[in-house]
Amino acid sequence: MYPDVEIHTKDVVDWVNSKYLERTGKIFRDPDRGIRSLYQKGFLQKIAKGVYKYDPKYAQNKRQADFTITQKNEILKRDGYKCVICGAGRENGAELHVDHIKPKDMGGLATIENGQTLCSQHNFLKKNLKQTETGKKMFIRLYELSKKEGNLELQKFCIEILQTFEDFNINGHIEWEK
């Protein structure tokens, strides 16, 4: 019915501002937030920084619900009631969260396969990043810490991992200093 349309943020901002002014007689103060909200709710797909795509089929057919209680319990049980990154569990005083591996606003579905158990610390570190982005940022932090501590073995390990990200052109937008 509608063709796929790439939407540039500036064009959307101009359109939103004009429509809001037309309808309310007031100036819309934060159109970027509105665009991000549409993206986060799954109505727009991010193509590149500042470029969004509207696909009506995607917007109408999205199944981006939260996990049900049953799904959460299955994911927690599957992961042994421990954070999949650090292994902390409730017996260690960790608050556990069930998280989407691929975030909802990037098309991640509420399925058992797309769920993982994270402690609150790692869930907050992950934010809304893809799994590979989270991993790369964690290895960068670990590398910087190993440099401070003078741990050459850990530095070498982190360099090899981070070099693998570069070799496969994964998350090239996240840079690190060697």
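The model is predicted: local features need pLDDT of at least 70, side-chain atom pairs count only at pLDDT 80 or more, and totals for chains, interfaces and linings use all residues. Residues are numbered from 1 along each chain as its sequence is written, and side-chain values use heavy atoms, with hydrogens and water left out.

**The whole chain**

Display the chain as a cartoon. It contains seven helices and five strands; helices (H or I, at least four residues) and strands (E, at least two) are DSSP runs, numbered from the N terminus. Read from the N terminus, the elements follow the order β-α-α-β-β-α-α-β-β-α-α-α. Of the 178 residues, 34% count as buried, where buried means under 20% relative accessible area (1.4 Å probe, protein chains only).

**Helix 6**

Select residues 131-149, which form helix 6. Colour the buried residues of helix 6, among them Glu-133, Met-138, Ile-140 and Tyr-143. Their cover includes helix 5 (120-126) and helix 7. Gly-150 follows helix 6 and has a positive phi, near 75°.

Two packed helices are described by the angle between their axes and the distance between the axes. Axes are lines fitted to C-alpha atoms, for helices over the stretch in contact, and angles run from 0 to 180 degrees between N-to-C directions.

Now show the side chains where the helices meet. Residues in helix 6 including Phe-139, Leu-142 and Ser-146 meet residues in helix 7 including Leu-154, Cys-158 and Phe-165. By class, this contact has 11 nonpolar, four polar and two charged residues. Nonpolar covers Ala, Val, Leu, Ile, Met, Phe, Trp, Tyr, Cys and Pro; charged covers Asp, Glu, Lys and Arg; the others, Gly among them, are polar.

**Ser-146**

Finally, centre the view on Ser-146, in helix 6. Ser-146 counts as buried because its relative accessibility is 0%. Leaving aside neighbours within four places in sequence, Ser-146 is in contact (heavy atoms within 4.5 Å) with Asn-151, Leu-154 and Gln-155.

Note on methods. Buried < 20%, exposed > 50% of the residue type's maximum accessible area, 1.4 Å probe, protein only.
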